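Hi,

Here is the structure I promised to pass on.

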Amino acid sequence: MRALNVAKSAVKNFAFHKLGRCNVCGKISLFVCLNVDMARNNMYCMFCRSSSRKRHVAKIILSEVIQNTPSISCIPKKQSLKIYSTDTNDAFYKVLSNYDSYTSSIFSPNIKTGTEIHERVFCQNLEKLTFDNETFDLVITEDVFEHVRDYQRGFSEVNRVLKTGGYHIFTVPCYFDRPTLVRVDTSTDEDVYLLPPEYHGDKIRGKILAYRTFGIDLFHFLHSLGFETRVDFSNYSDQKLGIFNSYVFITRKVFHHESLSVATVDPSYYQLHSSGN
């Protein structure tokens, strides 16, 4: 039934399909649109199944971190940069899973954190990563941190495991004209819903709670951790890569602020940020 629905959506949105070269698998491909209003999360490559968002992340990796490389599939296997991604069932994993320098993870509450499930595939909790300090040159997270209960600890952990000068390339839902919209008060051990609960699809657990939609205060927090941060918004020239309606955060570790590795949130934060206005 799902395949039939996908086929129907592809036919319905045929006019929005786009021919181009995929910067993940490197092939000339038709990027298939299933929902024009959510193009960021589809426009799938026919070969590697990368989405518009995934290719935008790839664009930043290839322009900022591993330069002079036309696609993720062309990254030299013996290159020295160590990469960590929090996804194991995506186009990056298909291309890079046999690279010694590539590590990925899932999160499951039923598996002990740090367990190596497959070669270089671990169960990890972003709030308590088990990797050593300054292990990676690049960390990739896509639409993950809105689901991390203690996002401050999570970002601090990413900072800790990154080498100085390393990059965290990530995506999150974000308002760029207002503060963070807090949906759940996590200042105590019990979740307190400030707004009707919002769930997003999850490949492992079916659905997962969104604790917040980030806002402009995220930039200040990342700066306080020791990150330089900017955002790349997709433009017309990106369409040849099948990138539409997308934005990607680019953070570079300048230093590690040790005191924020166990950051806490002032309870007044929830009163200030829970309004949808």
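Let me start with a side-chain pairing: D137 makes a polar contact with K163, side chain to side chain, at 3.3 Å. Keep in mind throughout that this is a predicted model. D137 belongs to strand β8, which covers residues 136-142. Is D137 buried or exposed? With a relative accessibility of 14%, D137 falls under the 20% limit, so it counts as buried. Once its neighbours within four places in sequence are set aside, D137 is in contact with S80, L81 and K82, and also with L162, K163, G166 and Y167.

**Confidence**

Before you set anything up, a word on pLDDT. The mean over the protein is 92, and 92% of the residues reach 70 or more. Two stretches need a separate mention. Residues 260-265 have pLDDT below 50, and the model gives this stretch 12 contacts beyond near neighbours in sequence. Residues 267-271 also stay under 50, with 11 contacts beyond four places in sequence.

**The aromatic rings**

How many aromatic pairs are there? The count comes to 19. Take Y151 and F155 as an example: their ring centres are 6.4 Å apart and their planes stand at 85°, and since planes over 60 degrees apart count as edge-to-face, that is how this pair is classed. Both residues sit in helix α4 (residues 151-161), four residues apart, so about one helical turn separates them. Y151 is buried at 7% relative accessible area, and F155 is buried too, at 0%.

F155 has another ring partner, F214. Here the centres are 6.3 Å apart and the planes are at 70°, so this pair is edge-to-face as well. Which parts of the chain does the pair tie together? F155 is in helix α4, while F214 is in the loop between β15 (212-213) and α5 (217-225), so the pair connects parts that are 59 residues apart in sequence. F214 is buried, at 1% relative accessibility.

Ring pairs link F145, Y151, F155, F170, F176, F214, F219, F221, F233, Y247 and F249 into a cluster.

As for α4 itself, 10 of its 11 residues are buried, so the helix is largely enclosed by the rest of the structure. Besides Y151 and F155, the buried residues of α4 include Q152, E157, N159 and R160.

The charged end of R49 sits over the ring of Y44, 4.3 Å from the ring centre. The charged end of R178 sits over the ring of Y175, also at 4.3 Å from the centre.

Strands β1 (residues 18-21) and β2 (residues 28-32) pair in the antiparallel sense over four bridges. Within that pairing, L19 has L30 of β2 as its bridge partner. The two strands form a hairpin with six residues between them, and G26 in the turn has a positive phi of about 85°.

β2 also pairs with strand β3 (residues 44-45), again in the antiparallel sense, over two bridges. In this pairing F31 stands opposite C45 of β3.

**N42**

The loop between β2 and β3 holds N42, which is buried at 5% relative accessibility. For a sense of scale, N42 and E134 lie 34 Å apart in space, C-alpha to C-alpha, and 92 residues apart in sequence.

That's what I have for now. Over to you!

Cheers

Methods. Residues are numbered from 1 along each chain as its sequence is written. This is a predicted model: local features need pLDDT of at least 70, side-chain atom pairs count only at pLDDT 80 or more; totals for chains, interfaces and linings use all residues. Side-chain values use heavy atoms; hydrogens and water are left out. Rings of Phe, Tyr and Trp (its six-membered ring) pair if their centres lie within 6.5 Å; planes under 30 degrees apart count as stacked, over 60 as edge-to-face and the rest as tilted. Buried means under 20% relative accessible area, exposed over 50%, partly exposed in between (1.4 Å probe, protein chains only). A charge sits over a ring if NZ of Lys or CZ of Arg is within 6 Å of the ring centre and within 35 degrees of the ring normal. pLDDT is the predictor's confidence in each residue, from 0 to 100. Contact means heavy atoms within 4.5 Å. Two strands pair if DSSP finds at least two bridges between them. A polar contact is a pair of N or O atoms within 3.5 Å; within protein, one must be able to donate a hydrogen and the other to accept it, and residues adjacent in sequence count only if both atoms are side-chain atoms.
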